[in-house]
Amino acid sequence: MVFRLDRFLSECDPTLTRKTAKALLHDGAVTVNGKPARDAALKIDTDKDVVAVGGKTLVYRQFRYFTINKPAGVLSASRDNRAQTVVDLIDGIGDGYFPVGRLDRDTEGLLIITNDGALAHELLSPRKHVPKTYIAVCKGTLDENACERLQNGLNLGDFTTAPAKACILQRDLSENDPTTTIAITITEGKFHQVKRMVEAVGSEVLHLRRVRMGGLWLSQELASGAYIETDGETLKKELFQDGTNDEERRLRSYL
Ligand code: URA
């Protein structure tokens, strides 16, 4: 790609405003192919030119990928001037980033943020059937029969869910407020789908967390609100591989 030098600087480091970039250029702190550059309009070819600021080479990446452990209370959306969004949680990224798919505001867990529209399209395509696993704490006691109904496809009025996977992970039988924690894997992503499915079997989701997309599991190292940047190739490999190896142990590790 070819950019003006000032645009290249802000693409590589969005904290470099036009004003700071101008000052750096003026001071001779920016070099292009080893020579000080002072012209903001100089054309930079991202495949060939080496640009450095204060001796440190800038790396241009057209697409970037972040895996975040979304906290409850944050909106799954691109930047929004009325509410805090997941994109605001990523330090120093510019415009054009968005979450791949949405989690409800009160849902936590695994979410990918990128500026790569093609990846988003691939992951969200109904034809790809990328499985997404959620751990849901549900009100009351759910039994095997409820799991079977969740698995077999439920008529939710406006659509019938595709076959899913569901199992009971834990029961809390406290006298007043019993709960059942289930793992549920769906291949669709309709609005409030898990909550609606759980309601259809007579319960209510009290807490929801996504722990897996395709073969990518939510890292236990990621605290709520924390994220890691991954290169596109590694991420795509993980997402499109089978993630069911050692599934039960992994699911239980989130309890
Ligand atoms: N299903 C829901 O009900 N909510 C989510 O956030 C994700 C899946």
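Me: Great, thanks. Where is Asp246 found?
Reply: Asp246 sits in the loop between α6 (232-239) and α7 (247-252). Keep in mind that this is a predicted model.

Me: What about the phi of Asp246, positive or negative?
Reply: Positive, about 60°, although Asp246 is not a glycine.

Me: And why does Asp246 count as partly exposed?
Reply: Because its relative accessibility is 40%, and the partly exposed class runs between under 20% for buried and over 50% for exposed.

Me: Which other residue has a positive phi without being a glycine?
Reply: His129 does, with a phi of about 50°. His129 lies in the loop between α3 (117-124) and β10 (132-139).

Me: Switching topic: where does Arg210 lie?
Reply: Arg210 is part of strand β13, which covers residues 205-213.

Me: Is Arg210 buried or exposed, and what is the nearest side chain of opposite charge?
Reply: Arg210 is buried, and it has no salt bridge. The nearest side chain of opposite charge belongs to Asp104, 9.6 Å away.

Me: Nice. Which residues touch the most other members in the largest nonpolar core?
Reply: That core has 34 residues, and the ones touching the most other members are Ile113, Leu150, Ile182, Ile184 and Met197. Several elements each supply at least two residues of this core, among them β9 (108-114), α4 (144-152), β12 (179-186) and β13.

Me: What does Ile184 touch?
Reply: Not counting residues up to four places away in sequence, its contacts include Thr133, Tyr134, Leu150, Val194 and Met197.

Me: How many residues are in the second core?
Reply: The second core is separate and has 20 residues, including Tyr65, Leu123, Met213 and Leu216.

Me: Zooming out, how many helices and strands are there?
Reply: The protein has 7 helices and 15 strands.

Me: Why is the protein more spread out than a compact globule?
Reply: Its radius of gyration is 23 Å, well over the 18 Å from the globule rule for 255 residues, so it is more spread out than a compact globule. Along the principal axes, the C-alpha atoms fill a box of roughly 70 × 35 × 35 Å.

Me: Last one: what share of the residues counts as buried?
Reply: 45% of the 255 residues count as buried.

Key. Residues numbered from 1 in each chain as written. Predicted model: local features only at pLDDT ≥ 70, side-chain atom pairs only at ≥ 80, totals over all residues. Heavy atoms only, no water. Helix = DSSP H or I, 4+ residues; strand = E, 2+ residues; numbered from the N terminus. Buried < 20%, exposed > 50% of the residue type's maximum accessible area, 1.4 Å probe, protein only. Lys, Arg positive; Asp, Glu negative; His and termini not counted. Salt bridge = Lys/Arg side-chain N within 4 Å of Asp/Glu carboxyl O. Core = buried A, V, L, I, M, F, W, Y, C linked by side-chain atoms within 4.5 Å. Contact = heavy atoms within 4.5 Å. Rg over C-alpha atoms; globule rule 2.2 N^0.38 Å.
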